[in-house]
Protein chains: 2
Amino acid sequence: MSVLVVGSVALDTVETPFGRAEAVLGGSASYFGFAASLFTDVQLVGVVGEDFPDEHIQAFRQRGIDVTGLVRQPGRTFRWTGRYQGPMSVAETLHVELNVFGDFEPVVPPQYQDAEFVFLANAAPQVQMHVCQQVPDARLVVADTMNFWIENEREALLELVGEVDGVVVNDHEARQLTGEDNLILAAREILRLGPIFVVVKKGEHGSMLATKTSLCVLPAYPTTEVRDPTGAGDSFAGGMMGHLARCGEVTNATLREALAYGTVMASLTVEDFSLRRLAASRNEEVEDRLAELRRLTQL
Amino acid sequence: MSVLVVGSVALDTVETPFGRAEAVLGGSASYFGFAASLFTDVQLVGVVGEDFPDEHIQAFRQRGIDVTGLVRQPGRTFRWTGRYQGPMSVAETLHVELNVFGDFEPVVPPQYQDAEFVFLANAAPQVQMHVCQQVPDARLVVADTMNFWIENEREALLELVGEVDGVVVNDHEARQLTGEDNLILAAREILRLGPIFVVVKKGEHGSMLATKTSLCVLPAYPTTEVRDPTGAGDSFAGGMMGHLARCGEVTNATLREALAYGTVMASLTVEDFSLRRLAASRNEEVEDRLAELRRLTQL
């Protein structure tokens, strides 16, 4: 089955101890889409401005990503400038221009409306809810968010969390959302709001998946080539949702595998700037990394 | 086979969001000893002052810990006062009195000198080296350290690392010791100094074991009852060394199991103040947690 992603498509300028990339392809929907497209068909809803290079649109198409829902509007594309230092665990945002993404009201094209697996990448919770309402028959709707919405749109966010089937957050967000420092208790608190699963991403420390009846904890894939962490979380979600859509069913077993595929896709993304490494990745190396992850964690 | 630990025995005053404990039994050798004694015989070398309660000595004996090497000297016992806040990932030291531990020159009693498994808990690297020389026939000598020695006794510490068979450090220490932010590269850098294995403890994020030919990464055991993290690292080392001594051999397989036992012992320690939870733990629940850890990480 295909997976639908609604989120940002951006031009990023990123500086890390390993170099700098200027106005390169970024955005949550881009990372998610590139990662998920290794597993299944992807439909993308997003917005870009007049300055968005055609070559990126071509790159999406070459990955088999359906960009019917990627609209071009007058104005400039969403731009983010950030920096990572030291162990690169936290992005420092230096500059943001929302541009056309600021007033974006996503419309799911008619041909996407029977989408069964839907990922609502980070956006205002009201916008995510609006998308939710356009795919009433979806089997699995999963949402990401960020600290800004937890602080400023808490009520709308809690309402959204009550509507979706899955939530993907990082450890800081899980703590901030629930006021609970212990991550397992924080995850349980989120589950009480409604979703059937919650994934807590912990960057270089791996991830945790909690459902009402199970818990799974995985370390990050131990790559030594971390050059730019941008997009790791969205690539994680892309691998996860891509695998679930490919399986066509959401069980404790497929969710656990999905967590592992998410782990692998994130590990590929961080090895180079922008979507370069992800664009060069092949199914075979994804399976190799999965097998390696299995060996590394085996007791 | 038995395991010998040389390190601090202390009276700790600890405050966490879950309560406060005043002048309770602490110290690296105490935590290590209590944890290791669940697996094998333990011999302890340390020093206490005149104020050290006899009941703690009895508690060691009740765990089957040989305290022939625990000397009592004129003066007061090593005292540490610390506080943990929020997610309790970092201890804030409020007060330290080294007291009798300050001038401690550990002497391994004659009846311990054929010890085959030796743990040098955190101390000045010169002191650790001095112990090392007293057990020339040991099969496995493992050392812990801390940021203070990395900053102030770097040369002596590097020399010690070159002498021992294994090193146990936390993530900050691994980075600080090597100047390498990527933990896998940091671990490899430490291996280049001489030891056959290095364990990097990451608190709530689990641990990593690196040898020249293998890597193992484990999450922390997901306890929801974290009340006081004091001693988690030393309990980890105790579970690890205890299992290795019980097996009597150090292979990639036993090291991997040892990492899991260390994980379990740390998870018990943090569930209550001082050594209370560790003192109440039984082999059966250790095996239960190990089985649970296996399930949680299984792919």
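Of the 299 residues of chain A, 55% count as buried, where buried means that 20 or more other C-beta atoms, placed from the backbone, lie within 10 Å of the residue's own, exposed means 12 or fewer, and partly exposed is in between. You are looking at a predicted model, in which local features need pLDDT of at least 70 and side-chain atom pairs count only at pLDDT 80 or more, while totals for chains, interfaces and linings use all residues. Residues are numbered from 1 along each chain as its sequence is written, and chains are lettered from A and ligands numbered from 1 in the order in which they are written.

**Chain A as a whole**

- Chain A has eleven helices and 13 strands; these are DSSP runs numbered from the N terminus, with helices being H or I of at least four residues and strands being E of at least two.
- The radius of gyration of chain A is 17 Å, close to the 19 Å that the globule rule gives for 299 residues, so chain A is as compact as a globular protein of that length. Here the radius is taken over C-alpha atoms, and the rule is 2.2 Å times the number of residues to the power 0.38.
- Along its principal axes, the C-alpha trace of chain A spans about 50 × 40 × 35 Å.
- Among the contacts in chain A with a separation of 6 or more, 66% come from residues 24 or more positions apart; a contact means that two C-beta atoms, placed from the backbone, lie within 7 Å.

**The four-stranded sheet of chain A**

- An open sheet in chain A has four strands in the order β3-β2-β6-β7, with mixed pairing; two strands pair if DSSP finds at least two bridges between them.
- The edge strands β3 (19-26) and β7 (92-97) of chain A each pair on one side only.
- Strand β2 (residues 10-16) of chain A runs antiparallel to β3(A), and six bridges join the two. In β3(A), A:Arg20 is the bridge partner of A:Glu15.

**Helix α5 of chain A**

- Helix α5 (residues 154-163) of chain A has the buried residues A:Leu157, A:Leu160 and A:Val161. They cover an arc of only 100° around the axis, which puts them on the same side of α5(A); the arc is that of the directions from the helix axis to the C-beta atoms.
- Among the partners that the buried residues of α5(A) pack against are α3 (125-134) and β10 (166-170) of chain A.

**The nine-stranded sheet of chain B**

- Chain B has an open sheet of nine strands in the order β5-β4-β1-β8-β9-β10-β11-β12-β13, with mixed pairing.
- Strand β10 (residues 166-170) of chain B is mostly covered, with five of its five residues buried. On one side these are B:Gly166, B:Val168 and B:Asn170, and on the other B:Val167 and B:Val169.
- β10(B) pairs in the parallel sense with β9(B) over three bridges, and with strand β11 (residues 197-201) of chain B over five bridges.

**How the two chains relate**
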